[in-house]
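Please open the structure in a viewer and keep the selection panel at hand.

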Amino acid sequence: MTRQPETDLWWKKTTVYQIYPRSFMDSSGNGIGDLEGIISKLDYVKDLGVETIWFSPFYTSPQEDFGYDIANYKDIAPEYGTMANCDKLIQEIHDRGMKIIMDLVLNHTSDKHPWFLESKSSRDNPKRDWYVWQDGKKPKGKAPPNNWQARITGSGWYYDENTDQWYWAQFLPFQPDLNYRNPEVKAKMFGTVRFWLEKGADGFRLDIIDSLYEDAAFRNNPLSRHLLPSEDGVLFKSTKMTMHHPDTMIFVQELRKLIDEYSNPSRFLVGEVEGPMPTIKKYCGEVNNPGLNSIFLFETLGVKLQPKTIRKLLNKFNQYYPDPFIPTWVSSNHDIMRRISRFNNDLEIAKLNAALQLTARAVPYIYYGEEIGLQQNSIPLSDSLDAVVSRFRKLPKVIQKLLQKITSEAIHRDNCRTPMQWTPSQNAGFCSPSIKPWLPVSSGYQDRNVETMYNNPDSILHCYKRFLQIRKQYSVLNSGRMTLIASELLPKQVLGFSRWIKTSDVKEEVNIFLNFEDTLVEFSNPTASKNIIASTTIVKAENNEQKIILRPYEAIIME
Ligand code: NOJ
């Protein structure tokens, strides 16, 4: 098979919208979002201007981790619909000229998956080796096999009395890790990938792919300097033996070969990988043996919105991901505090953040609701449905408090998963006013909803629409290079960069200017651009080739 040229591929230019199926739109009247609900809102998604939709998992699952605990990779959870609904969803997305990314949880299954039930049933069950089982250091469950910690702290080993062995789970206890050293497991999961590719999946988001393989000799993890989760470990233990294993790198290269067999359109992989940039980058493989097509670069989630910091980040992304690579730009997702709450819920700052995300040289991932300024909710810990919470409750109170202060998102993820807000009516149009949505709607929905924002051309929703539209229209914005404008040429509160493409003698270019403060700023135009082609506000300023005026938190694109 001939490989497509690495330039000009759709997934490098696309804009992605993440839908958390449980929270998007309830069509069946049970307070839980579903596939038919999503289908009924596809025209909205299309009109917003995004080109690709990524769905958090909607496969069969006991929903202990809301879909990230899969019990059948080839069927749909009944609360979301049926396979027929899913086929229709894929078709309807494609009919609108959009693409679909499925969430692929390769690392673990649910402990209710028939494979695990078999595996657990006896030591000589043919599927015993499909999961990671080990003898303890002491008999009868008195000591686990080694010191390995789960991703979310605490030992990741769980004792099974019946067979007197321990199984390994990187995430929560009900998510046992599959054993990819067993060729049957690998073949089965590659078969699953093909199943979805044949159904029309245009790409996959790979859940905690960095944790797929562990040390084959089960050696202890060495000590780390860090108490809190860090790049080097957690609770003073490093993750050397449990993350970023060389065999995982080989696996992603094999997976890439598989998806590259499918072309027209080409498919792609985006990996959830955590760690320092040089480690993450390794997952992209080599030119002749590529790995992941792209990787979530999570530094954007918490980065301070300041010219100096953003300048550094843009430079770093350029340095690590020069063409033919492309960085990603994620502001929020289903695991992390919604970005707008880091800006005091200020809509003008959120527009600035959107303008940055949609003009940077990166594939933007927009989390549902960001486009209407949907706020982080404040459901108390005691009412939380998130399984992760139970884990944190086991930690000493002092550590709980410390973690909560520093990483509130890690403890409680319900607050960023609340229902999409469609109308100002009760339950925000997500479900009928007479039923209880699975999570309470966030405050402020009376103003922050699609219907209200559609009627206000200066709303954040229209700001997203303008920037998405222009990004699609101008190839410099969706596939051009990026050069920062020297900070000496700009006021301190302003960041400027150009996006450009040079072909033979012609250079196309647009310039982006962002004002990071709440004061108006005026300065001489350091570029030859004359006209504003998009702005975060709809009130026109008198910018021209000599002078640029930016209102508080305003961002503009000039050509
Ligand atoms: C990362 C996912 O984003 C998160 O929601 C999930 O709980 C874990 N992986 C486990 O699958």
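In which loop is the place of proline 324? Select the loop between helix H10 (307-320) and strand S16 (328-330), where proline 324 is placed; helices (H or I, at least four residues) and strands (E, at least two) are DSSP runs, numbered from the N terminus. The peptide bond that joins aspartate 323 and proline 324 is cis, with omega about 5 degrees.

This is a predicted model, in which local features need pLDDT of at least 70, side-chain atom pairs count only at pLDDT 80 or more, and totals for chains, interfaces and linings use all residues. Residues are numbered from 1 along each chain as its sequence is written, and side-chain values use heavy atoms, with hydrogens and water left out.

Select next the loop between helix H7 (246-260) and strand S12 (268-271), which contains proline 265. The bond from asparagine 264 to proline 265 is likewise cis, and its omega is near 0 degrees.

Then move to lysine 140, in the loop between strand S6 (133-134) and strand S7 (157-160). Lysine 140 is not a glycine, yet its phi is positive, near 55 degrees. Most residues other than glycine have a negative phi, and most peptide bonds are trans.

Now display helix H4 (residues 83-95) together with helix H6 (residues 183-199): the two pack at an angle of about 55 degrees, and their axes are 10 Å apart. The axes are lines fitted to C-alpha atoms over the stretch in contact, and angles run from 0 to 180 degrees between N-to-C directions. H4 is therefore oblique to H6, a term for angles that are not under 35 degrees (roughly parallel), over 145 (roughly antiparallel) or 65 to 115 (roughly perpendicular). To see the contact (heavy atoms within 4.5 Å), select Met83, Cys86, Asp87 and Ile90 in H4, which meet Phe195, Trp196 and Lys199 in H6.

Finally, select the ligand. The residues around the ligand (a heavy atom within 4 Å) include Tyr68, His108, Phe171, Arg205 and Glu272. A polar side-chain atom of aspartate 65 lies 2.5 Å from a ligand oxygen atom, and one of aspartate 207 lies 2.7 Å from a ligand oxygen atom. For aspartate 335, a side-chain N or O atom is 2.5 Å from an oxygen atom of the ligand.

Key. Polar contact = N/O pair within 3.5 Å; in protein donor to acceptor, adjacent residues only side chain to side chain.
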